Amino acid sequence: MSDTDLRRAAQFLSNARHVVVVSGAGISAESKIPTFRDAMTGLWASFDPQKLATPEAFDADPSTVTRWYDFRRMKCAEALPNPGHTALARLETLLNPHNGSVTILTQNVDGLHQRAGSRNVVELHGSIMTWRCTRTGREFHDLPAPFPDYPPKSPDGGLLRPAVVWFGEMLPPAALDAADKALRECDLFFSIGTSALVHPVAGFAGIASARNIPVIEINRDPTPLTPRADICLRGPSGELLPALLHAAFP
Ligand code: BV8
């Protein structure tokens, strides 16, 4: 990544009023939460997350799936927002007084954007902190950590599953509506810490580009979005986002 790229991105950001950010697991990597596709370690080394994050896996082996999600829930609860999350929360405070906005469309389920202070966060793939009864659909938030046994039993008589969107499941309609509105109104689009592989979120950058909105990718590695982005800042978002805000709002 060149200084020129950072300066160009800062120029776009200083002129923007309605920013959309699509974030993925990479923005939480510096908070010590393993990304979705980084190699699984320890107890989970032999498992494929893409296979575990499905209704079929839960139906076949609810104990293993809920144990994995509870392990991740505990890691998320222990994690702290990093300077990348904090920079996005600060961007919101910089734009709001000028009738601007920052909408974070996150694929993450860890709640770290909200804990960093961002107020306009759309959880496209749900939250690992919320669990849902398989019999009644009622959602529960204040749950024992960790669960005493697996699969956890619901007070309503079913099992408890994480209130996340698994592969093959529809995204929450309200979240999709909020994303659609933000994508129609934005004048700058960021893709941060995501492999840009999972749909429909992977298609959001194309919606912005189709409106001739500048697309900026901030990611450690190249992705399928890289060749189509207007600017690519390659590296850790926990370092690049503070540097970008410093350059845009000296
Ligand atoms: C649906 C659950 C309708 C929660 C997840 C169109 C085309 C092709 C396929 C499809 C399509 N439409 C639908 C599909 C099927 C499927 C899909 O997209 N499959 C792909 C894989 C081919 N999509 C769905 O099923 C979606 N549902 O469309 O409903 C429907 C219904 C029925 C039938 C058809 C359609 C549901 C998708 C949601 C799945 N659930 N998670 C959980 O367990 O967490 S998705 C999973 O991947 C993650 O949770 C995350 O949300 C998502 C993306 O992962 P990333 O966040 O990008 O993480 P990843 O590890 O991949 O990448 C991290 C990146 O960060 C890396 O690039 C790395 O370089 C970078 N990085 C690392 N460290 C840093 C960093 N960057 C910066 N700084 C750092 N420090």
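Biologist: How far from an oxygen atom of the ligand does a backbone N or O atom of Gly 193 lie?
Modeller: This is a predicted model: local features need pLDDT of at least 70, side-chain atom pairs count only at pLDDT 80 or more, and totals for chains, interfaces and linings use all residues. Numbering starts from 1 along each chain as its sequence is written, and side-chain values use heavy atoms, without hydrogens and water. A polar contact is a pair of N or O atoms within 3.5 Å; within protein, one must be able to donate a hydrogen and the other to accept it, and residues adjacent in sequence count only if both atoms are side-chain atoms. For Gly 193 and the ligand oxygen, the distance is 3.3 Å.

Biologist: How much of the ligand's exposed area does the protein bury?
Modeller: Accessible areas come from the Shrake-Rupley method with a 1.4 Å probe; for residues, only the protein chains shown count as cover. Alone, the ligand exposes 1500 Å². The share buried by the protein is 77%.

Biologist: Which residues come nearest to the ligand?
Modeller: Here, near means that a heavy atom of the residue lies within 4 Å. By class, the shell holds 15 nonpolar (Ala, Val, Leu, Ile, Met, Phe, Trp, Tyr, Cys and Pro), six charged (Asp, Glu, Lys and Arg) and 14 polar residues (the others, Gly among them). Of the 35 residues around the ligand, those that come nearest are Arg 37, Tyr 69, Thr 194, Ser 195 and Asp 221.

Biologist: What is the radius of gyration of the protein?
Modeller: The C-alpha atoms fill a box of roughly 55 × 35 × 30 Å along the principal axes. The radius is taken over C-alpha atoms, and the globule rule is 2.2 Å times the number of residues to the power 0.38. Because a compact globule of 250 residues would have a radius near 18 Å, the rule agrees with the protein's value, 18 Å.

Biologist: Is His 113 buried or exposed?
Modeller: His 113 sits in helix H6, residues 112-116. Helices (H or I, at least four residues) and strands (E, at least two) are DSSP runs, numbered from the N terminus. Buried means under 20% relative accessible area, exposed over 50%, partly exposed in between, with a 1.4 Å probe and protein chains only. His 113 has 1% relative accessibility, so this residue counts as buried.

Biologist: Which residue has its backbone nitrogen 3.0 Å from a polar side-chain atom of Thr 106?
Modeller: Thr 106 lies in strand S2, residues 101-106. Beyond its neighbours within four places in sequence, its contacts (heavy atoms within 4.5 Å) include Ser 23, His 113 and Val 121. The backbone nitrogen at 3.0 Å belongs to Asn 108.

Biologist: What separates the C-alpha atoms of Pro 49 and Ala 39?
Modeller: Pro 49 is in helix H2, residues 49-52. Pro 49 touches Phe 36, Met 40 and Trp 68, not counting residues up to four places away in sequence. Ala 39 is 10 residues from Pro 49 along the chain, and the C-alpha separation is 9.4 Å.
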